[in-house]
Amino acid sequence: FAFNRAMCRSLFLLILLFPTLAYSQCLGSTTYTATFTAMWTAQSHPKDFPAANAPHWSGIVGGSHNPSYSMWKPGGQATPGVKSVAEVGGQGTLEREMKAAGNNVLDIVKWSTLWSSTGTRSGDIDLDSTHTLVSLISMIAPSPDWFVGVHDLNLCNGSQWAQSVTVDLFLYDAGTDSGLKFTSANSPTSPQEPIFRFTGTNPNNMMSSFFGYNPVKRMGTFSFQLKTLTTPTTKITNTTMKKMPPMPTNPIIRADGTPTPMSSSPCTASGSPTYEITFNAMWTPQTHPDLYPSNAHWSRTVTASHNSKYVMWTRGGMATAGVKDVAELGKVDQLSEELSSQSQAGNVKDTDTASGIGDGVGTATATVTVDKDHSLLSTIAMIAPSPDWFVGIHDVSICNGNQWVKGPIKRSLRLYDAGTDSGLEFTSSNDRTIPPEPISHNEPNAGIVFRKGLRAVRRYYDRDEQQQSRSDGRRKSICDCGRVGRSSFDRCGFAVEVNT
């Protein structure tokens, strides 16, 4: 079916086809386990060691990012977020700064307080080919405005992800408080000074807790160990479709977003072909001008091949914890754990996580293998920023009896609401939905009162026209595409294009 672009435009397009991969430095996405090892003792740093004041470390906060974002650096000015961490151990302000950086920041991590001067804290941090830098920070406490951390640490060495990296941590002054000792009273620095590293002569004051040290020993280390790596090359198999018989007509995707069953009979196709799934994002201020956010981007896309016993998500179903995390935060760890559990149960064959898209427009590609017992595909990606909105496909069969479907298959995607947050706009503050509601289209359905009003998608349905009805009793759409071919497009621009 041809799609009439003159009538209205698609928000985004998903294409299923066979591998045609592009390569770049440090391909794919990766997860590192980061470990903070604290080494602050009365023996290593005896002067003014605050033994009577519960020496400890604040909760670590930071994340992965690209070069356009800088959390902190020596000689730079501490942001309000860095100031909050360094002075009181607060994480919230810095977290909000990182979120405000939009697509420049991929993953934000926060770890709990280490209630001793020695010990460890660890957690996972996600990176991809465009977000290869890591910055982290923790307050040494008590102290006026002192901290340790790493800044702009690149874990991509040329074209290879580093297997392991260890960084010595030295103490820095945020330049916002003039106290000289761990237990000094508050003394705001005015005007604020640049961030600097402590030495035996900086500050050049005998009252300094580090005066005369030569050198000031490290306070600990940050180590980063490669945990998982997903690249296009790791998912390609040697199976080729050239050995397969001629392919049948592709399945039609209904206008309501559900696939038309290809065959009522079980899949008996032979082999384990590999499919490439490319998410082609088309979200722009021109296609969707109302409330278009300045930091528009997309989370990483999670894709799985599976059987009918597993359902990643479905319209009218309840979002799992993993789907909730993707839809609200763009985080994939919980969904990956759910898929791993289903894989162990034999319901999921293969998974892949494609990199995020740093703008409203772009592409992300995943590859998965299928077999006769796992011939369904499901995928999900968060539209960001948003309260809990996402796009994807679910339970799409690529098997027709004893034959595999030949690509490419093209279909337009709708926006869905996970039912876990009641925000009305892309940039709405968190507003938890209690109790959670079923997953639904993030647009009004004909004849149904939608709970949110959806100010963010007013391009399609004008809320001021909700009382204006058509002869069939359905609400009038600003862009009513009517019917084209055999598919209903009265959701404006969400057409189906199938190539055989």
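**Two disulfides turn up in a search of the whole structure.** A disulfide here is a pair of cysteine sulfur atoms within 2.5 Å. The model is predicted, so local features need pLDDT of at least 70 and side-chain atom pairs count only at pLDDT 80 or more, while totals for chains, interfaces and linings use all residues. Residues are numbered from 1 along each chain as its sequence is written, and side-chain values use heavy atoms, leaving out hydrogens and water.

**Close-up of Cys-26 and Cys-156, joined by a disulfide.** The S to S distance is 1.9 Å, and the S-S torsion is about 100°, so this one is right-handed. Cys-26 sits in the loop between β1 (12-17) and β2, and Cys-156 in strand β9 (156-157), so the pair ties together parts 130 residues apart in sequence. Strands are DSSP runs (E, at least two residues) and helices likewise (H or I, at least four), numbered from the N terminus. Cys-26 is buried at 0% relative accessible area; buried means under 20% (1.4 Å probe, protein chains only).

**Close-up of the Cys-267 and Cys-399 disulfide.** Here the sulfur atoms are 2.1 Å apart, and a torsion of about 90° makes the bond right-handed. Cys-267 lies in the loop between β14 and β15 (274-282), with Cys-399 in strand β22 (399-400), 132 residues away.

Just after α3, Gly-330 takes a positive phi of about 75°.

Key
Buried < 20%, exposed > 50% of the residue type's maximum accessible area, 1.4 Å probe, protein only.
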